[in-house]
Amino acid sequence: MLAYDYPLLGVFWTLVLASLFFLVIFTIVWALFDNFRRKDHSGLAKAVWFLFILFLPLFGVFVYLIARPADVDA
């Protein structure tokens, strides 16, 4: 009886949204770890980036990825 109450397309969209949710969480956690592993900016800059990513997660990660230099030794 339960399978008839939840159609296959509903399962598909649930899996898509759950995957997107975990992708966003993973990206935020990756940005936070990357921020603290970097040696090219000071503790104050790390704290400001941490607060920026924490309080504005999607926008903060987007700006962090754009502002982050690609070829710095971590």
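The buried residues of helix H2 pack against H3 and helix H4 (57-67). They are Ile28, Ala31, Leu32, Asp34 and Asn35. Buried means under 20% relative accessible area, exposed means over 50%, and partly exposed lies in between, with a 1.4 Å probe and protein chains only. Helices here are DSSP runs of H or I with at least four residues, numbered from the N terminus. The model is predicted: local features need pLDDT of at least 70, side-chain atom pairs count only at pLDDT 80 or more, and totals for chains, interfaces and linings use all residues. Residues are numbered from 1 along each chain as its sequence is written, and side-chain values use heavy atoms, with hydrogens and water left out.

Start with the length of H2. At 1.5 Å a residue, its 30 residues should span 44 Å. The end C-alpha atoms are 43 Å apart, which agrees. The expected span is 1.5 Å times one less than the number of residues.

Now look at Asn35. This residue sits in H2, which covers residues 8-37. Asn35 is buried, with a relative accessible area of 0%. What does Asn35 touch, not counting residues up to four places away in sequence? The list is His41, Lys46, Trp49, Phe50 and Tyr64. Contact means heavy atoms within 4.5 Å.

Next comes the packing of H2 on H3. Two packed helices are described by the angle between their axes and the distance between the axes. The axes of H2 and H3 (residues 43-55) come within 9 Å and cross at roughly 175°. Axes are lines fitted to C-alpha atoms, for helices over the stretch in contact, and angles run from 0 to 180 degrees between N-to-C directions. H2 and H3 are therefore roughly antiparallel to each other. Angles over 145 degrees count as roughly antiparallel, under 35 as roughly parallel, 65 to 115 as roughly perpendicular and the rest as oblique. From H2, Ile28, Ala31, Leu32, Asn35 and Phe36 meet Lys46, Trp49, Phe50 and Ile53 in H3. By class, this contact has seven nonpolar, one polar and one charged residues. Ala, Val, Leu, Ile, Met, Phe, Trp, Tyr, Cys and Pro count as nonpolar, Asp, Glu, Lys and Arg as charged, and the others, Gly among them, as polar.

Phe36 is also in H2. Leaving aside neighbours within four places in sequence, Phe36 is in contact with Lys46 and Phe50. Phe36 and Lys46 are ten residues apart in sequence and 6.4 Å apart in space, C-alpha to C-alpha.

Turn to the rings. The whole structure holds six aromatic pairs. Phe36 and Phe50 form one that is tilted, at 5.7 Å centre to centre and 50° between the planes. Rings of Phe, Tyr and Trp (its six-membered ring) pair if their centres lie within 6.5 Å; planes under 30 degrees apart count as stacked, over 60 as edge-to-face and the rest as tilted. This pair links distant parts of the chain, with Phe36 in H2 and Phe50 in H3, 14 residues apart. Phe36 is partly exposed at 45% relative accessible area. Phe50 counts as partly exposed at 28%. Phe52 and Phe59 form an edge-to-face pair, 5.9 Å centre to centre with 70° between the planes. Trp49, Phe52, Phe59 and Tyr64 form one aromatic cluster.

Last, H3 meets H4. Their axes come within 5 Å and cross at roughly 140°. That makes H3 oblique to H4. Among the contact residues are Trp49 and Phe52 of H3 and Phe59 and Tyr64 of H4. By class, the contact has eleven nonpolar, one polar and no charged residues.

Terms used
Helix = DSSP H or I, 4+ residues; strand = E, 2+ residues; numbered from the N terminus.
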